[in-house]
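Hello,

I am handing over the structure below. My notes on it follow.

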Amino acid sequence: MAEKTTEKTKKSSFFKSGNFYLMIFSVVLAFVIWIIMSLTVFPETTVTLKDVPIDFSLDGSYADVAGISVMKTSVDSVNVVISGERYLIGDYTADDIHIGINVDAVRATGSYELSLVVTSVNGDTIEVEQIEPSTVKVDFDYMVTKTYSVEDGTLVADVSNLTAADGYIIDEDEITISPSTIELYGPQDYIDQITSVAVSVDNSAIIQSTMTSNLNSVVFYSGNDVFENEDVTADNESFELIVPVYLVKTLPFYVTLTSSVDSFDVSSIAYSVDPSSITVRSQNSNLSSIEDLLLGYISVNEITVGSVFTVSIDKNANYENISGIDTATVSFELDGYAEKVVTLSNSQIYIINGTEDKTVNVEQAQIQNVILVGPEDVLEQISSADVVGEIDMIDYANTTVSYTIMDVTIYVPGYDNVWSYGKYRVYVSIENVETTDETEAETE
């Protein structure tokens with residue numbers, strides 16, 4: 001117990017004797033002497049700074065005024081060793097210096113090997129002892145804007161991911177792109193290489209009706225090659241595509257033959273059409289129910305051996321003709337057929353569907369050069385006496401003239417495969433029949 005008391009007494013004596021304060025003073029004095037020695041004996045120092053970023057700003061330079069911009073650089077940062085007054089730069093970091101490029105030589109676009117300019121952001125005087133790399137390669141170009149549009153064909157749609165269902169087609173020429181323009185911004189050299197911009201449908205699909213797609217991406221092309229460069233930007237990359245889809249069918253032609261003689265068999269006349277069909281398309285669902293196309297009507301009185309007709313293909317609201325053909329030729333297959341010329345007397349011409357108040361007389365004695373067409377072996381059995389002519393007064397019910405020319409229908413009774421070729425007319429007189437009161441009374 002006595003020993004512990006003695007130790008405490010010794011410690012207290014140490015602090016009271018002043019030895020402790022002398023020691024503290026000595027340490028402080030030594031530090032001050034070291035500072036003084038450093039500033040007087042070694043007043044300058046060097047500092048190594050790594051990965052200091054390069055500022056590629058062109059503000060105020062000729063390049064800036066001329067609209068020239070930095071495109072590409074060989075490095076983005078450098079390592080630098082600087083020297084200066086120890087008390088000024090002793091605690092420098094990368095934030096205390098600025099490294100820029102010397103652009104005095106830049107007067108046009110192209111590649112330049114430029115020196116670097118190092119300064120203190122605090123305005124201190126510093127010396128560059130070493131910089132790695134000592135220069136930087138910089139590419140310069142003009143930044144330009146160019147518009148690509150649907151109208152001039154430089155903005156197009158790429159629907160290669162879409163496939164039309166069987167029996168359908170996609171008309172790429174009718175695809176609607178909205179908006180219809182795109183504006184690209186970037187280095188002139190790059191922009192000049194971009195010949196077209198494609199709005200590409202991202203999703204794959206098989207379609208059989210017109211579709212609208214908003215899931216699209218923008219692709220730049222240089223000729224047929226994809227052009228990619230991050231320095232080129234677009235003012236818009238959101239487009240809507242309307243992709244039209246058409247049903248396509250090949251439809252055969254047919255011709256309707258007409259005859260004013262009910263007993264004539266029009267099916268006895270065979271024909272062929274060249275081309276035999278056309279290809280059509282439509283977004284109208286009615287096309288799905290159409291199986292063939294009526295080319296036109298041809299009267300048998302216009303047909304003889306060797307007859308050929310060129311018929312226009314009419315437009316139709318239900319479909320569009322995409323074959324590139326606007327006419328067809330109709331030829332008649334009349335092998336073994338012949339012509340025979342006969343003469344009809346007026347006694348062989350009959351008036352049908354007449355009225356009691358009018359008398360119709362054929363004033364012409366005969367009709368000459370009536371041409372009959374039919375199988376050659378059948379025509380050999382027919383004479384002029386077998387031929388009949390008819391004038392149908394229904395066609396002249398409202399006539400008020402007393403002398404006129406009327407059409408005559410020529411046919412051969414008993415033969416449904418022989419017909420007359422051409423038109424025939426005769427002079428007729430028409431007399432009104434006077435009715436007496438007695439006749440009217442009997443009629444009543």
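A pocket here is an open set of grid points where a 1.4 Å probe fits, with protein on both sides within 12 Å along at least five of seven lines, and its volume is the space filled by probe spheres set on the points. The model is a predicted one.

By that definition, the second largest pocket has a volume of about 160 Å³. Its lining consists of V150, G153, L155, V156, A157, E172, D173, I175 and I177. Strand β8 (residues 155-158) supplies the largest share, three residues. By class, this lining has six nonpolar residues, one polar and two charged.

The largest pocket has a volume of about 300 Å³. It is lined by 16 residues, of which S260, N301, D407, V408 and T409 are the closest to its centre. Two elements, β31 (388-392) and β32 (403-411), each give two or more residues to the lining. The most come from β32, with four residues. The lining of the largest pocket divides into six nonpolar, five polar and five charged residues.

There is also a sheet to look at. Three strands make up an open sheet, ordered β21-β26-β24, with antiparallel pairing. β21 (270-274) and β24 (308-312) each have a single partner strand and stand at the edges, so one side of each is left without a neighbour in the sheet. From one strand to the next, the twist averages 25°. The antiparallel pairing of β24 with β26 (residues 327-333) runs over five bridges. S312 has T327 in β26 as its bridge partner.

Regards

Terms used. Residues numbered from 1 in each chain as written. Predicted model: local features only at pLDDT ≥ 70, side-chain atom pairs only at ≥ 80, totals over all residues. Heavy atoms only, no water. Pairing = 2+ DSSP bridges. Axes fitted to C-alpha atoms, helices over the stretch in contact; angles between N-to-C directions. 1 Å grid on protein atoms, 1.4 Å probe; cavity = no way out; pocket = protein on both sides within 12 Å on 5 of 7 lines; lining within 4 Å. Nonpolar A, V, L, I, M, F, W, Y, C, P; charged D, E, K, R; others polar.
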